[in-house]
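This report describes one protein chain for a reader new to structures. Please look at the sequence and the model below before reading on.

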Amino acid sequence: VNLAIIMHFLEHNKQWRQISESAKDLVTRLLCLDQNERITVKEALTHPWIRVSKRKVMNHEIDQYIEL
C-alpha cells in the first residue's frame with residue numbers, strides 16, 4: 001500500500017483530526033518508507049507521545065486497566 005494513500009486517508013478522516021499532533025508525528029515517522037529517515041525503535045520508545053502516555057498510565061493504579 002502506498003504511504004501517500006494512507007496519509008491522505010488519515011488526514012481526511014474525522015477520527016484522525018481528533019488525534020494529538022504528537023501522536024500524529026509518531027505515526028507519520030513510523031510509516032516513513034525511507035528506512036534512513038524512519039524513526040528507530042529506540043527513538044519511538046523515547047518519543048514525547050510515548051513518554052507522556054506512559055506517565056499517564058503509571059500515575060493510575062493498574063487495577064483500572066485489568067478486568068478480573
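**Basis**

This is a predicted model, in which local features need pLDDT of at least 70 and side-chain atom pairs count only at pLDDT 80 or more, while totals for chains, interfaces and linings use all residues. Residues are numbered from 1 along each chain as its sequence is written, and side-chain values use heavy atoms, with hydrogens and water left out.

**The chain as a whole**

The secondary structure consists of 5 helices and 0 strands. Read from the N terminus, the order of elements is α-α-α-α-α. Helices (H or I, at least four residues) and strands (E, at least two) are DSSP runs, numbered from the N terminus.

The average pLDDT of the chain is 79, and 76% of the residues score at least 70. This score is the predictor's confidence in each residue, from 0 to 100. Among the elements, the highest mean pLDDT, 91, belongs to helix H4 (residues 41-45), and the lowest, 76, to helix H5 (residues 48-58).

Of the 68 residues in the chain, 18% are buried. Buried means under 20% relative accessible area, exposed over 50%, and partly exposed in between (1.4 Å probe, protein chains only).

Contact means heavy atoms within 4.5 Å. Among contacts between residues at least 6 apart in sequence, 34% join residues at least 24 apart.

Helix H1 spans residues 3-11, and Leu 3, Met 7 and Leu 10 are buried in it. These residues lie on the same side of H1, because they cover an arc of only 60° around the axis. The arc is that of the directions from the helix axis to the C-beta atoms. Ala 4, Ile 5 and Phe 9, on the other side of H1, are exposed. The cover over the buried residues of H1 includes helix H2 (14-17) and helix H3 (21-30).

In H3, the buried residues are Ala 23, Lys 24 and Leu 26. Seen down the axis of H3, they fall within an arc of 160°, so they line one face of the helix.

**Salt bridges**

A salt bridge is a side-chain nitrogen of Lys or Arg within 4 Å of a carboxyl oxygen of Asp or Glu. The structure holds 2 salt bridges, listed here.

| Residues | Distance, N to O |
|---|---|
| Glu 21 and Lys 24 | 3.4 Å |
| Asp 25 and Arg 29 | 4.0 Å |

Glu 21 and Lys 24 both belong to helix H3 and are 3 residues apart, about one turn of the helix. How accessible are the two partners? Glu 21 counts as exposed, at 59% relative accessibility, whereas Lys 24 counts as buried, at 15%.

Asp 25 and Arg 29 are separated by about one helical turn, because they are 4 residues apart in helix H3. Asp 25 counts as partly exposed, at 34% relative accessibility. Arg 29 is also partly exposed, at 34%.

**Residues in the loops**

Asn 13 sits in the loop between H1 and H2. Its relative accessible area is 17%, so Asn 13 is buried. The side chain of Asn 13 reaches the backbone nitrogen of Gln 15 at 2.8 Å. A polar contact is a pair of N or O atoms within 3.5 Å; within protein, one must be able to donate a hydrogen and the other to accept it, and residues adjacent in sequence count only if both atoms are side-chain atoms.

Thr 40 is in the loop between H3 and H4. At 39% relative accessibility, Thr 40 counts as partly exposed. Thr 40 and Arg 29 are 11 residues apart in sequence, and their C-alpha atoms are 9.1 Å apart in space.

His 47 is found in the loop between H4 and H5. Is His 47 buried or exposed? With a relative accessible area of 4%, His 47 is buried. Leaving aside neighbours within four places in sequence, His 47 is in contact with Ser 22, Asp 25, Leu 26, Arg 29 and Ile 39. A polar atom of the His 47 side chain lies 3.0 Å from the backbone nitrogen of Trp 49.
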